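Subject: Structure handover

Hello,

Here is the structure I said I would pass on. Please open it next to this email and follow along.

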Amino acid sequence: MEQIKNTAEKIPESLELARELENTDDENVIKEKLGLLLEKMSSDLGTEYVNNVLKIYENMRSENCLARVEQLSRVLETIELETPLAISDETESHYANAVIPLPEGMQIAFSEGQSPGPVRTVVGFGKTVIGFKTDNLSVSEIDFSGDNFRNQQERKFLCRHVTGNLKKEDIRYIVMRIPIGMMPETHLSEQEKTKKLPFIFRSLKL
C-alpha cells in the first residue's frame, strides 16, 4: 500500500490538471483552472513562457525540429514521468502527422492536427503543438499526388510522416493555442486585452 501511495504522490499537479481539463466540456471549470495549469506547467517544467511565438518557430527550425499536434497530458507524461510518447506505427499508412515549423506548416498543424488512436486533439482549452528532434524517429515525405489539394507542392514541402517513440529529451518546445474566451483575464497581457485576437499563444522552451 505504501508503494502505491508514493507513486500517486509523484504525479505532478500540472499533469493532473491537464488530464482533468482534457476530460471536461465545462467551460466554467476550464476558465477556473486553466490559469493554474499554465502556472504549474511553468514551475513543474522549470521554464518560463516565451511571448514571441514566431521566435519559437525560428528556434525549432534552427534545431532541425519537426512539429505536430499532441495531447497535452501525453506530452507532460513524457517530460515529467519519462513515459515514451508513441507516434504512429510502421504498419500505418503514411499520412501527414508532422510539419516543418514554418508559419505555413504551423498553420496546417493547428488546423488539421492528427494524433494516433482515439485521442481528443481538440479540447476545450485549445490545441498543443510540440517541437521535437527526430534523431530517434523514422521520417518520410508524403506523396499528395492522389489527393485533391490545390497546393500539393507546398504540402509536400511542409508535411512529413514520423514513426517511433519520442523520449523526454527529444521534446524541445511546447506551443499552446488557447481560445481567448477560455483564458482568465488575469493571465492576459495588456496588449492581448486590447487586440482581442481569437487565440492566445503560450510557448515554452525546454
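How many disulfides does the structure hold? The count is zero. Please bear in mind that this is a predicted model, and that everything below was computed from it.

Cysteine 65 has a relative accessibility of 4%. Buried means under 20% relative accessible area, so cysteine 65 counts as buried. Cysteine 159 has a relative accessible area of 2%, so it is buried too.

Strands E2 and E5

Strand E2 covers residues 66–70. Five of its five residues are buried. Leu66, Arg68 and Glu70 point one way from E2, while Ala67 and Val69 point the other way.

Strand E5 covers residues 127–132, and six of its six residues are buried. Lys127, Val129 and Gly131 point one way from E5. Thr128, Ile130 and Phe132 point the other way. Residues on both sides of E5 are buried.

How are E2 and E5 joined? The two strands run antiparallel, with five bridges between them. To find the pairing on screen, start with alanine 67, which stands opposite glycine 131 in E5. Then look at valine 69, whose bridge partner in E5 is valine 129.

E5 also pairs with strand E8, which covers residues 171–179. This pairing is antiparallel as well, over six bridges. One of the places to look is phenylalanine 132, whose bridge partner in E8 is isoleucine 171.

Alanine 98

Alanine 98 lies in strand E4, which covers residues 98–99. Is alanine 98 buried or exposed? Its relative accessible area is 2%, so alanine 98 is buried.

Which residues does alanine 98 touch, leaving aside its neighbours within four places in sequence? The contacts are Leu66, Ala67, Arg68, Phe132, Leu158, Cys159, Arg160 and Val162.

Regards

Methods:
Residues are numbered from 1 along each chain as its sequence is written. This is a predicted model: local features need pLDDT of at least 70, side-chain atom pairs count only at pLDDT 80 or more; totals for chains, interfaces and linings use all residues. Side-chain values use heavy atoms; hydrogens and water are left out. Helices (H or I, at least four residues) and strands (E, at least two) are DSSP runs, numbered from the N terminus. Buried means under 20% relative accessible area, exposed over 50%, partly exposed in between (1.4 Å probe, protein chains only). Contact means heavy atoms within 4.5 Å. Two strands pair if DSSP finds at least two bridges between them. A disulfide is a pair of cysteine sulfur atoms within 2.5 Å.
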